[in-house]
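Here is a short report on a few local features. Look over the sequence and the fold before reading on.

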Amino acid sequence: NSRIPLRSELGGISAPKFRMRCLERCLAELAVREAEGPLSNRFMRLYPMVLAMSDRYDEAHDRLDRMLEAYPGQRDNIVFQHGVFYDQEGKWQESYEALREYGSMSELPNLTGDLLRIKAMMNLNLCVCAMDVLAKSRTAFPGSLRLDLAEAAIWDVFGFKEQALDVISRT
């Protein structure tokens, strides 16, 4: 057991504290690099992720907004990331709006984006609309187990337990 690196830091109740220390070190290093000069695209993309992992979502969204100014050609990816962060925060209306915007601008289908939008819609009691997004997503991702599970969840929320079980039994 003593031969396992970082065993005591990563095991048990000390793991969240260790994780936060690592995130704080990462943020400190990003701040130092930013003070030295403009961050590379890679570090600019990393910064909001680390902030979000540190539960500093307002700062993460601010960073994403700054990226929109610096990299307008990456607008679709940045808007998608806003939607992901809002989902993590449980801000369903904001998540829905960002993911709807992303869906309208993205040229490629995105299963995760569709599923997050469905999740936001369900939390906003827009289950009929969620079923429409699901149906459109099936054309791009036929046979997706994740879409089957989302469909079963929608039927369950509607109160149609038999339909939910039927969907699950097909998978």
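Which residues of helix 7 are buried? In this predicted model, they are Leu-111, Gly-113, Asp-114, Leu-115, Leu-116, Arg-117, Ile-118, Ala-120, Met-121 and Met-122.

Helix 7 runs over residues 111–123. It has 13 residues and reaches 18 Å from its first C-alpha to its last. That is close to the 18 Å expected at 1.5 Å a residue.

Helix 7 is mostly covered, with 10 of its 13 residues buried. Its buried residues pack against four partners: helix 5 (75–89), helix 6 (92–105), helix 8 (127–140) and helix 9 (145–158).

The N-terminal end of helix 7 is capped by Asn-110. A side-chain oxygen of Asn-110 lies 3.0 Å from the backbone nitrogen of Thr-112.

Asn-125 follows helix 7. The phi of Asn-125 is positive, near 60°.

## Asp-114

Is Asp-114 buried or exposed? Asp-114 has a relative accessible area of 15%. Buried means under 20%, so Asp-114 counts as buried.

Asp-114 sits in helix 7. Leaving aside residues up to four places away in sequence, Asp-114 touches Val-133, Ser-137 and Phe-141.

## Gly-103

Gly-103 belongs to helix 6, one of the helices that the buried residues of helix 7 pack against. Gly-103 is partly exposed, with a relative accessible area of 38%.

How far apart are Gly-103 and Val-79 in space, C-alpha to C-alpha? They are 9.7 Å apart. In sequence, 24 residues separate Gly-103 and Val-79.

## Helix 3 against helix 4

Two packed helices are described by the angle between their axes and the distance between the axes. For helix 3 (residues 41–53) and helix 4 (residues 57–70), the axes come within 7 Å. They cross at roughly 165°. Angles over 145 degrees count as roughly antiparallel, so helix 3 and helix 4 are roughly antiparallel to each other. Their crossing is left-handed.

Which residues make the contact? From helix 3 come Met-44, Arg-45, Tyr-47, Pro-48, Leu-51 and Ala-52. Helix 4 supplies Tyr-57, Glu-59, Ala-60, Arg-63, Leu-64, Met-67 and Ala-70.

Definitions and conventions. Residues numbered from 1 in each chain as written. Predicted model: local features only at pLDDT ≥ 70, side-chain atom pairs only at ≥ 80, totals over all residues. Heavy atoms only, no water. Helix = DSSP H or I, 4+ residues; strand = E, 2+ residues; numbered from the N terminus. Expected span 1.5 Å × (residues − 1). Buried < 20%, exposed > 50% of the residue type's maximum accessible area, 1.4 Å probe, protein only. Contact = heavy atoms within 4.5 Å. Polar contact = N/O pair within 3.5 Å; in protein donor to acceptor, adjacent residues only side chain to side chain. Axes fitted to C-alpha atoms, helices over the stretch in contact; angles between N-to-C directions. Parallel < 35°, antiparallel > 145°, perpendicular 65-115°, else oblique. Left-handed = near helix turned anticlockwise from the far one by under 90°.
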